Amino acid sequence: ERIAIEAAEKVRIAEEKQKEEERVAAEKARIIEEKQKEEERIAIEFSEKATIAEEKRNEEDRIAIETAEKARIAEEKRKEEERIALEQAKIAAAEEVIIAEEKRREEERI
């Protein structure tokens, strides 16, 4: 009977040891799973930040292109205004020459 009691005690101790090993393994698995979830959360957060940064850069590029286009249009407008002003000055000078010539001819007739 003593042997049976000792054997039962050994079985009980082995079962407790197995339960403790299972508990430790389950805890380790839980910790690993939590760590993986945290790493996934961080990866998603970084991905979202990268997406936002890319969208911001794209918007800044769009604004820069738009600004450059407005500057180009303004420069073309300025050049066209200068060309028109020069043409008007040439016309005015030519008209003055014509008027002066007509005046000289008129004076010669008199």
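What you're looking at is a predicted model, where local features need pLDDT of at least 70 and side-chain atom pairs count only at pLDDT 80 or more, while totals for chains, interfaces and linings use all residues. Residues are numbered from 1 along each chain as its sequence is written, and side-chain values use heavy atoms, with hydrogens and water left out.

Back to E96. Is E96 buried or exposed? E96 counts as exposed, because its relative accessibility is 56%. The cut-offs go like this: buried is under 20% relative accessible area, exposed is over 50%, and partly exposed is in between, using a 1.4 Å probe and protein chains only. Now pick E38, which is 58 residues from E96 along the chain; their C-alpha atoms are separated by 86 Å.

Let's zoom out. How many helices and strands does the protein have? The count is 1 helix and 0 strands. The radius of gyration is 47 Å, well over the 13 Å that the globule rule gives for 110 residues, so the protein is more spread out than a compact globule. That radius is taken over C-alpha atoms, and the rule is 2.2 Å times the number of residues to the power 0.38. You can see it in the box that the C-alpha atoms fill, too: roughly 160 × 5 × 5 Å along the principal axes.

And what about burial? Buried residues make up 0% of the 110 residues. The accessible surface comes to about 10400 Å², and 58% of that belongs to carbon and sulfur atoms. Those areas come from the Shrake-Rupley method with a 1.4 Å probe; for residues, only the protein chains shown count as cover.

Next up, charges. The protein has 26 positive and 36 negative charges, and their mean positions are 2 Å apart. Lys and Arg count as positive, Asp and Glu as negative, with His and the chain ends not counted. Each charge is placed at NZ of Lys, CZ of Arg, CG of Asp or CD of Glu.

Side chains of opposite charge can pair when their charged atoms come close. How many salt bridges turn up in the whole structure? The search finds 23, where a salt bridge is a side-chain nitrogen of Lys or Arg within 4 Å of a carboxyl oxygen of Asp or Glu.

Here are some of those pairs. E33 and K37 meet at 3.4 Å, N to O, and they lie 4 residues apart in helix α1, about one turn. E33 is partly exposed at 43%, whereas K37 is exposed at 51%.

Then R78 bridges to E82, with the closest N and O atoms 2.3 Å apart. Why about one helical turn between R78 and E82? Because they are 4 residues apart in helix α1. R78 is partly exposed at 35%, and E82 is partly exposed at 46%.

Last pair: K49 and E45 form a salt bridge at 3.5 Å, N to O. This pair belongs to a network of salt bridges that links E38, R41, E45 and K49.

Notes
Helices (H or I, at least four residues) and strands (E, at least two) are DSSP runs, numbered from the N terminus.
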